[in-house]
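The tour takes the whole chain, then a single residue.

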Amino acid sequence: MEFLIEGIMALTWKQVVMYVVGIILIWLAIRKEYEPSLLLPMGFGAILVNLPMSGVLDQTLQGGIESHGIIAWLFDIGIDASEAMPILLFIGIGAMIDFGPLLSNPVMFLFGAGAQFGIFAAILVAALLGFPLQDCASIGIIGAADGPTSILASQILNSNYIGPIAVAAYSYMALVPIIQPFAIRLVTTKKERRIHMEYNPKGVSKRMRIAFPIAVTAIVGLIAPTSVALVGFLMFGNLIRECGVLGTLSDTAQNQLANLITLLLGITISFSMQAENFVKVETIMIMVIGLFAFVMDTIGGVLFAKLLNLFLKKKVNPMIGGAGISAFPMSSRVVQRMAMEEDPTNIILMHAAGANVSGQIASVIAGGMVISLVTSML
């Protein structure tokens, strides 16, 4: 009873706020099925780390020796010291991705690049709001629509807002089916959304599929060395998938590895969701900037597609530009659904999928370039 009273007396209003945040994340994961593998452990972790005198952060061993609790220990070895968890997750992501639609229609590379505008727009907004440079860059990476890249960038750049950035990145990734239709309709007409596109797939040889991840890693390593860890592990996972001799390992990377790392990453990042660091005005600002970044990603990709249409005889459906973000395969599915809402006979899924996997590569490269630029300036 004495310990119960002591715990209640130590409770602060900020910790109560974090309990509410945790419950909301758990509700979104279970009720709405928004990224449940991440939002649920993040939500539960937010409650764990904000319990007064919580042993998951610090604990006293026999003899009065102070030691890290389990979540603090996981954060130290998996994110703070080595950034291992976000990077290892890319092996699983790479093993899940089929680059066939992109390789059969290489012009889709352009849409992946065009849909990264949100990163730089968000950096500019964060700077105007007075955030320090390393925090501006970290917040801007939310616009990559890629949770692991956002976490890695904020850790490398030593941002003060790792927790809010992670929550914003993964929350908005989960809300892509809501955010993207709104953004696409803002800058397209009904006529544009009804544009049909021919799909004449070119055969992609096994040699090409194997050479692609190797070539991308080498080229990106020369252009943006800071992003090699991200791109390299993404492409390594894809090479495991495409080589044809590591079927069991490919399945393991796609399922057991990806699920385990996702689970641990979700609850580990809650270390940065301690009330005194999370419940701030800056957190609300980051959430708003993150939403702005996602919207501008989509709008930037769509406007880029509309710009290309000025020079093309066969017009592209500008919605595929919006699919050039990293949220794979959600974004391509959203674009296809919107196309069929306008015209049930309009099938643009493969074009959208090509742009979507291109966005996966482009977002990692863009994130690496931002990290490299900012670290050279600090």
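Helices and strands here are DSSP runs, at least four residues long for a helix (H or I) and at least two for a strand (E), numbered from the N terminus. The model is a predicted one.

**Whole chain.** Show the cartoon: the chain has 21 helices and 2 strands. Its radius of gyration is 21 Å, close to the 21 Å given by the globule rule for 378 residues, so the chain is as compact as a globular protein of that length.

Of the contacts with a separation of 6 or more, 77% join residues 24 or more positions apart. Colour by accessibility next: 54% of the 378 residues are buried.

**Surface.** Switch to the surface, where the chain exposes about 16900 Å², with 69% of that area supplied by carbon and sulfur atoms. Then select the charged residues: the mean position of the 20 positive charges lies 20 Å from that of the 22 negative charges.

**S104.** Now select S104, in the loop between α6 (100-103) and α7 (108-114). Is S104 buried or exposed? Its relative accessible area is 7%, so S104 counts as buried, the cut-off being under 20%. Show side chains and find P101: its backbone oxygen is 3.1 Å from a polar atom of the S104 side chain. Finally, select Y199, K202 and V204, which S104 touches when residues up to four places away in sequence are left out.

Conventions
Residues are numbered from 1 along each chain as its sequence is written. This is a predicted model: local features need pLDDT of at least 70, side-chain atom pairs count only at pLDDT 80 or more; totals for chains, interfaces and linings use all residues. Side-chain values use heavy atoms; hydrogens and water are left out. Buried means under 20% relative accessible area, exposed over 50%, partly exposed in between (1.4 Å probe, protein chains only). A polar contact is a pair of N or O atoms within 3.5 Å; within protein, one must be able to donate a hydrogen and the other to accept it, and residues adjacent in sequence count only if both atoms are side-chain atoms. Contact means heavy atoms within 4.5 Å. The radius of gyration is taken over C-alpha atoms; the globule rule is 2.2 Å times the number of residues to the power 0.38. Accessible areas come from the Shrake-Rupley method with a 1.4 Å probe; for residues, only the protein chains shown count as cover. Lys and Arg count as positive and Asp and Glu as negative; His and the chain ends are not counted. The place of a charge is taken as NZ of Lys, CZ of Arg, CG of Asp or CD of Glu.
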